Amino acid sequence: MTKQRAFSHSRHWFCRATGTVCLYLSLAIPLSGQADLLKGFGQDSEIVRRETEFPCLPSPPPPPPPAQHSGAEGLPPLPLPVVPLRRTEKKNPPRPPTLIARVLPADQSGWAEHFGNTDHLLRWMAETMNLHFSSINLPERELPDNADEIPILYRTGLEGFSMNERQRLELRQYLERGGTIVFDARCGRWDFFFSALREMQAVLPDRPLYRLNFDHPLYRAYFDIRPPDLAYREYAKLAGARDGMPGAIGIDIGCRTAVFIFRWDISSGWDGLAEQRAPHCLGYTVESSRILGANLMAYVIAERQAATPQGRALQFVDAEADRAGKFEIAHVRYPGVWKTHQAALPMLLNVFHEKTQTPVLFAPREIDLQSSRLFDYPLLYMTGHHDFEIDEGGRANLRRYLRQGGTLFAESCCGRAGFDQGIRRLLAEVLDGAEWQRIPPGHPLFRYPNQIGEVTPRPALARKLRTDQPIEPVLHGIYLEGRLAVVYSPHDLSTGWELSESPYCLGLRAPDAIGLGVNILTHSLLQ
């Protein structure tokens, strides 16, 4: 193993039903700067080693759809013989729209007994939240191409599984077109959870797995879930789960989490299986399972309703590759989720070009901080969702870049606290604890070419700030020898550049985000 890349090697056992033959596999998961991806998941615990010794209770049958009384008593066209329905007779209600498809593997052993869990969750959501959806079964050989028809795929099971290359390609296309897949390790079985990690890394090899913490919208999409609200069954705690500690892993496509992998069983709680009925289940309590499942559904529904941002439908192509005399930005690559809104920078550069008539190169150059080419660019752009680490070589190169006149522009995508922590720590290490300063309202950056005195927060940020009024723009900076070398926005800007309607974004409305972005580019060019 190299020092540049951290790997976690874990054992993965597939045991046949006889229990006498096991195949040992080794899986190396790149942790992308998060060495604790599997920490606290109990892979080496005695409980997990013995998990197959205990039965996993099947789901109870799904509830029948509620009957409705109808006042409509019309007759069908004659001459069909009919008996008119009396007002007291029941009619079947129309089927609610499909939200979830339960993926049926070719070998349904370990799965078929757990078919009712999503129905139980949706029934509880209908009763509690007045949201009405349905679920269907779908063979794995019939994965949908259109996420508009089936927004969520759900797969559960007890044993490990694998997909063929065709299935991986179809699933990747489904996810990239707006679909979501949820993996739920029934009874917390390690084999299923681990194979989900392996398969999703094969499906999306260019996108890192990461732990979903309380900064993720999953924990606030409908119910405001705080650490005291997240509780595990006693047997799961013996295996390593800790109350108040998130236990899901995700993969993002853009700013949307498209893959959810639950280490601890969530569906036994949807089924209403209390602790005494399922004493060996490694999972969440019933209450935690339900509010977490409801938030998961609410998150997907809201993201689907936000639709495709206009920016993704537009492409800006450089008419000629000549770089001479053109303003160019380098987009910083680093271990972790660094590439979020892919169309955001080209959209911003287009407005900047129209506003200032400055020749630009639309395609941002992607670059590592260790690269010697860093010094070819007057401006570096850095964004992301999560905390991150940069090695000493990258920190030293960035230090030279900033002290020799380069500018770093960073913004926290979706206003996530994780990136905020990472960028502040990085700059403290790079510039020996240099002081961050709030850029004052009268600064030239806020005056040219756009006069910006106040900005409008998006609904999620307005709720967080408890205001329904415009606010002063918030930018922080670091000065080196009187020059503004670092500009940082803790509120999201790139969602606005891309004209996205991301519902959980802690950022600014598009016109203000674009105006601030143009001013920052202009100021960096004029320094």
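**View 1. Lysine 237 and glutamate 234 sit 3 residues apart, about one turn, in helix 5 (residues 234-239).** The model is predicted, so local features are described only at pLDDT of at least 70 and side-chain atom pairs only at pLDDT 80 or more, while totals for chains, interfaces and linings use all residues. Residues are numbered from 1 along each chain as its sequence is written, and side-chain values use heavy atoms, with hydrogens and water left out. Helices (DSSP runs of H or I, at least four residues) and strands (runs of E, at least two) are numbered from the N terminus. The side chains of lysine 237 and glutamate 234 form a salt bridge with an N to O distance of 3.0 Å; the term stands for a side-chain nitrogen of Lys or Arg within 4 Å of a carboxyl oxygen of Asp or Glu. Lysine 237 is partly exposed, at 22% relative accessibility, and glutamate 234 is also partly exposed, with a relative accessible area of 48%. Here buried means under 20% relative accessible area, exposed over 50%, and partly exposed in between (1.4 Å probe, protein chains only).

**View 2. A salt bridge connects arginine 425 to glutamate 389 (3.4 Å, N to O).** Arginine 425 belongs to helix 10 (residues 417-430), whereas glutamate 389 is in the loop between strand 14 (379-384) and helix 9 (392-403), so the pair ties together parts 36 residues apart in sequence. Arginine 425 has a relative accessible area of 26% and is therefore partly exposed. Glutamate 389, at 44%, is likewise partly exposed.

**View 3. Salt bridges with shared partners join Glu165, Arg168, Arg198 and Glu199 into one network.** Within this group, the side chains of glutamate 199 and arginine 168 meet at 2.8 Å, N to O. Glutamate 199 and arginine 168 are both buried. The structure as a whole holds 25 salt bridges.

**View 4. A disulfide links cysteine 56 and cysteine 187, with an S to S distance of 1.9 Å.** The structure holds 1 disulfide, a term used for a pair of cysteine sulfur atoms within 2.5 Å. The link of cysteine 56 and cysteine 187 is right-handed, with 90° about the S-S bond. Cysteine 56 is in the loop between helix 1 (46-49) and strand 3 (68-69), and cysteine 187 is in the loop between strand 8 (180-185) and helix 4, so the pair ties together parts 131 residues apart in sequence. Cysteine 56 has a relative accessible area of 10% and is buried; cysteine 187 is buried at 8%.

View 5. Cysteine 281 counts as buried, at 2% relative accessibility. Cysteine 505 counts as buried, at 1% relative accessibility.

**View 6. The largest nonpolar core comprises 79 residues.** A nonpolar core is a set of buried Ala, Val, Leu, Ile, Met, Phe, Trp, Tyr and Cys residues joined through side-chain atoms within 4.5 Å. The residues with the most contacts inside this core are Leu153, Leu171, Leu175, Met200 and Ile261. Helix 7 (residues 286-306) gives the most to this core, contributing 10 residues. Leaving aside residues up to four places away in sequence, leucine 175 touches Thr180, Ile181, Met200, Val203, Leu204, Ile253, Arg256, Ala258 and Val259, where contact means heavy atoms within 4.5 Å. A second, separate core has 33 residues, including Tyr381, Phe446, Leu475 and Trp497.

**View 7. Tyr448, Leu525 and Leu526 make a nonpolar surface patch of about 330 Å².** Patches take residues with over 30% relative accessible area and no salt bridge, joining like charges within 9 Å and nonpolar side chains (Val, Leu, Ile, Met, Phe, Trp, Tyr) within 5 Å. Tyrosine 448 is in the loop between strand 16 (437-438) and helix 11 (459-465). The relative accessible area of tyrosine 448 is 51%, and the residue is exposed.

Methods
Accessible areas come from the Shrake-Rupley method with a 1.4 Å probe; for residues, only the protein chains shown count as cover.
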